[in-house]
Structures are given as C-alpha cells and as structure tokens.
Amino acid sequence: MALPDSFIQELKLKTDIDDIVSSYVTLRRRGRISVGLCPFHNEKTPSFTVYPDTQSFYCFGCGAGGDAIGFIKRIENLDYIDAVKSLAERAGMQMPDEGFDDSLGKKRRLILEINRAAAKFFHSYMMSQQGRKGLNYFTGRGLTHKTINRFGLGYAPEGWDVLTRHLNSLGYKDPDIVEAGLAIRSRKNQNKVFDFFRDRAMTPVIDIRGNVIAFSGRDIDGNDNRKYINTPDTLAYKKTNELFALNIAKDSGSDALILCEGQMDVIAMHQAGFSNAVAGFGTALTSEQVRLISRYANEVILCYDNDEAGKKAVNKAIGMFKNTDLKIRIPALSGGKDPDEIIKNVGKERFAAMLDGSANEIEFEILNARNKYNLDLTQERLDFLNDIIKILSGASKIEQELYVSKICDELNIEKESVMAQLRRTERNNQYKNRRKVFENERQSYQRETARESFEKSATTRKIKAENRMLSILLRYPKCSKLCKDFDENNLTEGFMRKAYRLTLDFIDNGMDTDISLYSQYLSDSEISTLTKLVNMFSDSKDYEREFKDCLNTVIEENSKKTSVDAGELSDDDFLKLMQSISNKKTHKSDEEK
C-alpha cells in the first residue's frame, strides 16, 4: 500500500525544496527560479533549475526531475520510503505506523545486516591462527594493529563457501547472501552458491552513517590477474556514489579533503595523521563523488599517483571540480609512485610539506602550458599566451590581474593587450554559454517529443497536444469538467494515460495536483517527464479554450490512420494550428445547423 496522501500533503507543506536542494547544490536566484550546476551529471553551464512555485526541480541537461522526495531519493541513493523518512525526520514528523510498502527498505536493511556480519567474520578470522596470512599482509604493508582495527580490515578464507556457511549458521539465506554480493551461484548448478571473496585481504566500505555497504578484496599472492575485486552494485551500494573513508574524513576537523587513487593510500595517510584522506572505487572519478566532496569540504587536494596515469587523472579531475565552488590544489609529489610509498620513503613531515606547497588549479595549468612551449620562439610565445587566456577566462578578476601581470613581466610584453584579448574571450564565452543553455532547452523538448512519437507510434502533433493538455490540467484543475465526454483511450498508452487518470482521481477527491502526490505512483523517469510538463509551459490566457483545442487535436490525430509529423512546428505555431482546427470545427458545426 502507498503512504497516506494526507501525510504526503503535510510533508510537502513542511518542506521547502530550495532549502533541501541548497544543502547539496549552490543555487543562484534568477527571477522566480533558482539555477545551479546539476549534481546528477557533469556540466559546466548551469542547467539544473529549482521551481519554488511548484516545489520541484528539473535539469535540462540530463532530464532528472521531481519534487523534494525525488531529489533526496536520487542524491542520497535511497528508495522512496527511506527518502520520505529522511524528509519527515527533518520536518519533525512521525512516519505512519502502517499502511505502506517498505519491502525495498527492509531488503536494504537485511543486506546491511549481512554485510556487518561478514565484516566481523573477516576480521575475526584474520586475527585467528588460520587467517594469519591476511594479518601478515597488512602488517607487512606497515599497518599497525590500531589502524587494522580502525578500518575493520580482515581476510577472506581460501575455502569455497566458508563465509556462506557461517552466514547460514546465523540464519541468513543463500538468496539474500547472493543479493548482498557476498556469494555467487554456480553456473552448472543454480541451487549451489560459493563465496565471492576467497583468499583475499578484505577492506570493508563504510558509508557516512556507519553502515558496512560493500567490500574490496585484494589478491595477496599475485596468482589472480584481478588485483582487486569489489562488491557489485546492490540495493545498499553503488560504487559511483561512494567515497572510501569519508565516514572518518568528514569528522577530521579539516575544511579540505585529500583525494587519493587507492584505499591503501588512504589507510596509510590516516595512520600518518592525514585523517581527511578519501578515495573513490576504480580509476574514474564520478560526478556523484565530486558532489559528495563538495558537500563535506571547501577545498580538495588531488593527491593522485605520481605517474602518467595519475597526471591524466588529475587533469580530468580538475575539469570536474571546476564546476563546483571548491578550491583545488595539486601537490608536486616526489620520493615515490604513490602517497603510501612516499610517506614510507621520506616521512610524514616531508609529505606534509608537499601538501602545504600545493599549487592551485590555475598555477598547475599554467605550469603545464609553460612546459609545452619554447618561450624563446615568437610563435610559441603566442601559442602559450593563447593557452593562458583560455585558462584565465574563467578565473576571478583578481586572479586574472595577478597572473597576467606576472606572466607579462616575465615575457616583457604589454599587459593591456593581453587583458583586452582576455575580455573579448570572456564576452564570447558568455554569449556562447547563454546560447547553449537556450538551445539545449529548446532542443530538449523537440527531441523528447520526436522520441515519444517514434516509440509510441503517435504523431509529434498528438504528443505535443497531450503534453500541453496535461500541463493545463495540472495548472487549472477546473478543466477536469471538460473531460467527461473524453475517452482516455485516445491518449498515448503508458505514461500519458497513467498521469491523466491519476490527475483526475486527485481532482475528483479534492486533492492538489502537486508533484509530491505522484511520486509513489510513477517511476523516476515518469516523474521527470511530469515535472518538465508542469514547469516548461507558460500560463494560458484562455485555458478552457486551449484545453478543448488540445482534446480535439488528440481525438483527431488518434483517428488518423497515417502519421503526420509536426516536429518542425514551434510551440506558438502549434497552438495556432490547434486554434485553426477548433475554428474549422466551429464553422462546420454552424453550417450544419
């Protein structure tokens, strides 16, 4: 069963989406709306929009949309019920005692229980005589028993099903152990399962709430071509959304986070006193991880491995962090290939000095540009200055003044000419960005209607009429009285019929038609579509007349045997076309009289 609508209505009244989103995204007011960089995909130009009037959000870049519940659900990687619980707790409301389906939440909590039991088993096994191999590996890497205990490190036995049998003895069933990612089914016999992690040094992954959500297992002997294997994505874990050791780093007292490549680097750094170190899972930094870092820090220090792959990763990370308000610093590491090795070779004091002497992203990029060119040659000087202008075009005015002055003094050239070119480049970029935002928004709707037309075998004209009709019904519930003689089977099957029926049900029961009520009945993608329809269309000067025109267009298009594509029509031309159809119908009716 769904949550009581009255509860959702009260939660909506006590929740302000601007406040919720502002906890995660830096928003800037633009008239009646707020805009910011989308937390759900990587972008340089803000396309994420918050609509206070409808208490909703929509991103024109990736298509994510919904209400406050949907936002928390996406950004915290929660199911619907847990997202509601989070907002209810924030609003000081008690969840209903019963009457709702919490099956996904219960399954997630079961996986977390199994993970915790597995973590205890791996650790205790390693501390026994049988698991000495795992303990020797960690102590051989220079870790103390205090560090081993702090991170809950352990060892997975060599046997095929030692962990599974242990979990069975605690009452956990094979299907749930498989769903937790700790066991896999035999290809030959689906009824037989065996441990996913075997003969590996185990590192548990703990989220910011203290839950064991996953594991990383390292091959100790070098016999497996897979150096690391990690828990696959589960209901409790999605690797793109998590950062290793953030549960500790967030309480370090520092306003900076040190981002490393590997978990062993992080553990070694914490042992050396750098308790604000974190790492991702795998080599690629994700936009979700960038968002997490920006939530818990004002500054990020990119402490990647000191090799070519590490340098490429730094350049990519700089591009991603530039889309945030975070300060970025990049240390010049020496004395080893990674932080773990450097600390062992030169000591934590020297390593700390490297971090303190870190360059910001502008200095790092200028240094890279300088190394590309022979500045004794005129053409290469020009190329270098062109690179500098690109680098500084997004910097603050003070930074531009400082760096341009310094570079012009070094090259003995006039500062004014460089600043003039920099201003021209900035104006061009601003114009291009504004055009890009406008064009993205315009094309987004055209692409979506064309895609729907193709997938649903409906004309683009019909899709547009349905979208406008639904948006009017949501804004002007009085139009429901015009639907009495309208057969909903005329609507495109799927989302449109479902949303239309839900809307009429809400109106008939005297309820609002705000997005929060739809969240537990529609999928995430359907909620995104609904949010777009609610917010993208302007108010109607004559909503009843326009609503009738949409109904007539839907009926007329539905009766056609061949599709007529109106995809090239602008929205204004489309509304004029519907008006002309209505006028023809009125004229024909008058003639018949």
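A cavity is a set of points on a 1 Å grid over the protein atoms alone where a 1.4 Å probe fits but cannot get out, and its lining residues have an atom within 4 Å of a point. A volume is the space filled by probe spheres set on the points, which are joined across faces, edges and corners.

The model is predicted; local features need pLDDT of at least 70, side-chain atom pairs count only at pLDDT 80 or more, and totals for chains, interfaces and linings use all residues. Residues are numbered from 1 along each chain as its sequence is written, and side-chain values use heavy atoms, with hydrogens and water left out.

Of the 593 residues in the protein, 51% are buried (under 20% relative accessible area, 1.4 Å probe, protein chains only). The count of cavities of 30 Å³ or more is five.

| Cavity | Volume | Lining |
|---|---|---|
| Largest | about 190 Å³ | 17 residues |

Nearest the centre of the largest cavity lie Glu76, Ile208, Arg209, Asn241 and Glu242. Its lining comprises eight nonpolar, two polar and seven charged residues (Ala, Val, Leu, Ile, Met, Phe, Trp, Tyr, Cys and Pro count as nonpolar, Asp, Glu, Lys and Arg as charged, the others, Gly among them, as polar). Helix H12 (residues 287-296) gives the most to this lining, with three residues; helices are DSSP runs of H or I, at least four residues, numbered from the N terminus.

Helix H1 (5-13) and helix H3 (68-75) are the elements that give two or more residues to its lining, and H1 gives the most, with three. This lining divides into seven nonpolar, four polar and three charged residues.

Terms used
Buried means under 20% relative accessible area, exposed over 50%, partly exposed in between (1.4 Å probe, protein chains only). On a 1 Å grid over the protein atoms alone, a cavity is a set of points where a 1.4 Å probe fits but cannot get out, and a pocket is an open set with protein on both sides within 12 Å along at least five of seven lines; lining residues have an atom within 4 Å of a point.
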